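The following report describes a structure from its overall build down to single residues. Please keep the sequence and the three-dimensional view at hand while reading.

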There are 2 protein chains.
Amino acid sequence: MQNFVFHNPTRIIFGAGQIARVGEEVKRWGKKALLVYGMGSIKKNGIYENVVSSLKEAGVDIIEYPGVKPNPVLSHVRGGVEVAKKEQVEVILAVGGGSVIDSAKAIAAGAKVEHDVWDFFTFSQPIRDALPIVTIVTVSASASEMNGGAVLTKEEGALKFGVASPALYPRVSILDPTTLYSLDARYTAYSTVDILAHMWEGYFNGAEKEPLLQDRLVEALTRTIMESTEVALKEPANYKARANIMWGSVLAFNGLTTAGVGRAPYPVHMIEHSLSALYDMAHGAGLAIVLPAWMTYALEEKEPRFARLGREIFGLSGDDREVAKNTVQEIKKWFSSIGCAVTLGEAGISKDEIKRIAENAVHLAELWRMKDYTKDVILEVLNYAV
Amino acid sequence: MQNFVFHNPTRIIFGAGQIARVGEEVKRWGKKALLVYGMGSIKKNGIYENVVSSLKEAGVDIIEYPGVKPNPVLSHVRGGVEVAKKEQVEVILAVGGGSVIDSAKAIAAGAKVEHDVWDFFTFSQPIRDALPIVTIVTVSASASEMNGGAVLTKEEGALKFGVASPALYPRVSILDPTTLYSLDARYTAYSTVDILAHMWEGYFNGAEKEPLLQDRLVEALTRTIMESTEVALKEPANYKARANIMWGSVLAFNGLTTAGVGRAPYPVHMIEHSLSALYDMAHGAGLAIVLPAWMTYALEEKEPRFARLGREIFGLSGDDREVAKNTVQEIKKWFSSIGCAVTLGEAGISKDEIKRIAENAVHLAELWRMKDYTKDVILEVLNYAV
């Protein structure tokens, strides 16, 4: 096990009916809240009303800032920073999925500084402070509700970059599995791919070659997420399945599975960010394409790790080489079975586009200091995705 | 999944060489520290010197309070409270295992009130506040380094009671697996039994009958702890094995495996407390005797849960009844294999004593509101331990 520091102070309030507690929770952090949400789905499923009435009951003033798009953009966050400053809000309440929570985090940090919020994402300025953040989760995928990360896209140049800071951990996150009942099959599947890809990149690429405990945690979470997704796709209102996905997705990327595995590069996420940025594709949808392609590219180097996953999760047997190869096929088959496109072609992206994708991705490869991922290497990976 | 709140703000600093950071960490919380430790083993293995020199370098004043016994006692804690008050220490530093950390917690809470510290343990007073606690772990078993619990024995009446409060979470815990190298085989085994019993009581007794995710987490941790213990007993200085035990033991009882399983009674711990209190037996040693006895007693009621453990961990097959029964035997066999006594007789306790043990245990059963555990029931359990 590699040395690590683990510190995750977010308070989780989990369960049906818990959204009614949001007023009292927000009130601990301030009396004037910026309510950040997305394109209005929370107005259709009743969550918005619950939230607003709880806040009002607690005497919290609300400044609304809706309009976060599925791949959240810088311009919208800049607008949120302006409103937060002008209105002198004391706390940010995010109601939504990873996009909304990430936008809320960027606004919370941006409200504390004079420079442009994008400077955080290019690493030219560190995030030292942020307004307190409270979240209510309506899509379970990113675990942003219990970590210090945020991802944002700058429209100009189509740059999808990420940042992380201890200041960005939400103070409280409320997770009610029934909010996932209205999540459609497509987004249920994309979310699951996102959850699995998070974990698997650490599992495949950690500096620690055989991290016994962390491997087993990832495998336990993987089995649970996969089984529960199959159930949730058939029965969208199955509480047990949604609850396992909701809590499992948090544990998958709240630092638990990566503590002790050492530095792990995230090439799949790096390349996928370009798909999201260029084609406004859901992150999970892009990962379903890039992950198998990258695995094919990395087959030889990662043979024992892919083989372990194949044996543990898909019950494969045989020598490492054979099992590793079949693992990629099993993953593709399973992603397809839950309704995901697993090639660029299936997603309607022509193979002529791969040069453009690689040119975009190389910016992030440089920023994340992944020297091995030159444009040519990224092209090679993408060739397996055609 | 049952509704739950999860909040674990303890910061973990994990890895070889990390004890040297204790000075700077303690300094964040105060300039005058009460250094609580045990019977002096930390002076033999060099930890004491490392700690003191780091504290001195950071300019922290040290008031020493050694002498914590393996089953920590109230009188010693009362003494610590007096010293803490008199010297007006600002922070408590515990260097040791669960006994030392639990004593430090009780002192930290006791220093903030005028009433007797035992009032917390009888639940006549709530713990609302405590001095900040920092820990350095030298025995991995209780997970006290990352939870809000503490257990203490009142010598008069031989009462071993426990308490829990959010105020008792350590601010920082430093875990260096090399500190476990000098732990002898006996205590290595007892610690492992303690870790497994913690998890398994929640696994067997949770209100949620089939908590998919939590079951898998417990199974992942169980496999890791068992395998790593077998390695550590053969090679006491195997870093990987000690590291897996050290981090695994924390995750086993820091709230992770119990979040969502609902209320779970802990009858094995309840009865074991009497063994520790009456015979000054190590907690893990007592658990190795009581756990299989209780499982035999509860065989019918808990059949499917025992069977699940047997299939997942011991690879058993057959119908539930048969597997459940064999699981008890496998657990006994494994506890024996790592050097634990699995009956009262093997531990040198005569069967004439069981009445006395049951009479003691019933106090805790009442305090913990475990109505089903009358003296007769406890006697029945203990009869299986003879």
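## Overall build of chain A

In chain A, 78% of the contacts with a separation of 6 or more are made by residues 24 or more positions apart. The model is a predicted one, and every value in this report is computed from it.

Chain A contains 15 helices and nine strands. Along the principal axes, its C-alpha atoms fill a box of roughly 65 × 45 × 45 Å. How does the radius of gyration of chain A agree with that of a compact globule? For 386 residues, a compact globule would have a radius of gyration near 21 Å, and the 20 Å of chain A agrees with this. Of these 386 residues, 56% count as buried.

## Two domains

Chain A is divided into domain 1, residues 11-178, and domain 2, residues 184-383. The C-alpha centres of these two domains lie 26 Å apart. Their contact takes 19 residues from domain 1 of chain A and 27 residues from domain 2 of chain A. On the side of domain 1 of chain A that touches domain 2 of chain A, strand S8 (residues 159-164) of chain A gives the most, with three residues. The residues of this side of domain 1 of chain A divide into 11 nonpolar, six polar and two charged.

## Two copies and their interface

Chain A can be laid on chain B by a turn of 180 degrees and a shift of 0.0 Å along the axis, with an RMSD of 0.0 Å. The two copies are thus related as by a two-fold rotation axis. Which residue of chain A comes closest to the rotation axis? This is Pro9(A), whose C-alpha lies at 2.1 Å from the axis.

The contact between the chains takes 28 residues from chain A and 28 residues from chain B. On the side of chain A that touches chain B, the elements giving two or more residues are strand S1 (4-6), strand S2 (11-14), helix H8 (212-234) and helix H9 (239-252) of chain A. Of these, H8(A) gives the most, with eight residues. The residues of this side of chain A divide into 15 nonpolar, eight polar and five charged. Because 100% of the interface residues of chain A are also interface residues in chain B, the copies meet through the same surface.

Strand pairing also links the two chains: S2(A) and strand S1 (residues 4-6) of chain B pair in the antiparallel sense over three bridges. Within this pairing, Phe14(A) has Phe4(B) in S1(B) as its bridge partner.

## A covered strand in chain B

Strand S9 (residues 172-175) of chain B is covered on both faces. Val172(B) and Ile174(B) are buried on one side, and Ser173(B) and Leu175(B) are buried on the other. Which strands of chain B are joined to S9(B) by four bridges? Strand S2 (residues 11-14) of chain B runs parallel to S9(B) and is joined to it by four bridges; here Ile13(B) stands opposite Ile174(B). Strand S6 (residues 133-137) of chain B also runs parallel to S9(B), again with four bridges, and Thr135(B) stands opposite Ser173(B).

## Individual residues

| Residue | C-beta neighbours inside 10 Å | Class |
|---|---|---|
| Lys240(A) | 18 neighbours | partly exposed |
| Ala158(A) | 18 neighbours | partly exposed |
| Phe123(B) | 11 neighbours | exposed |

Lys240(A) has its place in helix H9 of chain A.

Most residues other than glycine have a negative phi. Ala158(A), however, has a positive phi near 50 degrees. This residue is found in the loop between strand S7 (149-154) and S8 of chain A. In chain B, Phe123(B) is not a glycine either, yet its phi is positive, at about 65 degrees. Phe123(B) lies in the loop between helix H6 (118-121) and S6 of chain B. Is Phe123(B) buried or exposed? With 11 C-beta neighbours inside 10 Å, Phe123(B) counts as exposed, since the limit for this class is 12 or fewer.

Conventions. Residues are numbered from 1 along each chain as its sequence is written. Chains are lettered from A and ligands numbered from 1 in the order in which they are written. This is a predicted model: local features need pLDDT of at least 70, side-chain atom pairs count only at pLDDT 80 or more; totals for chains, interfaces and linings use all residues. Domain bounds come from an automatic or database domain assignment. Two residues are in contact if their C-beta atoms, placed from the backbone, lie within 7 Å. Ala, Val, Leu, Ile, Met, Phe, Trp, Tyr, Cys and Pro count as nonpolar, Asp, Glu, Lys and Arg as charged, and the others, Gly among them, as polar. Copies are superposed by least squares on the C-alpha atoms of residues with pLDDT of at least 70 in both. Two strands pair if DSSP finds at least two bridges between them. The radius of gyration is taken over C-alpha atoms; the globule rule is 2.2 Å times the number of residues to the power 0.38. A residue is buried if 20 or more other C-beta atoms lie within 10 Å of its own, exposed if 12 or fewer, and partly exposed in between; C-beta atoms are placed from the backbone.
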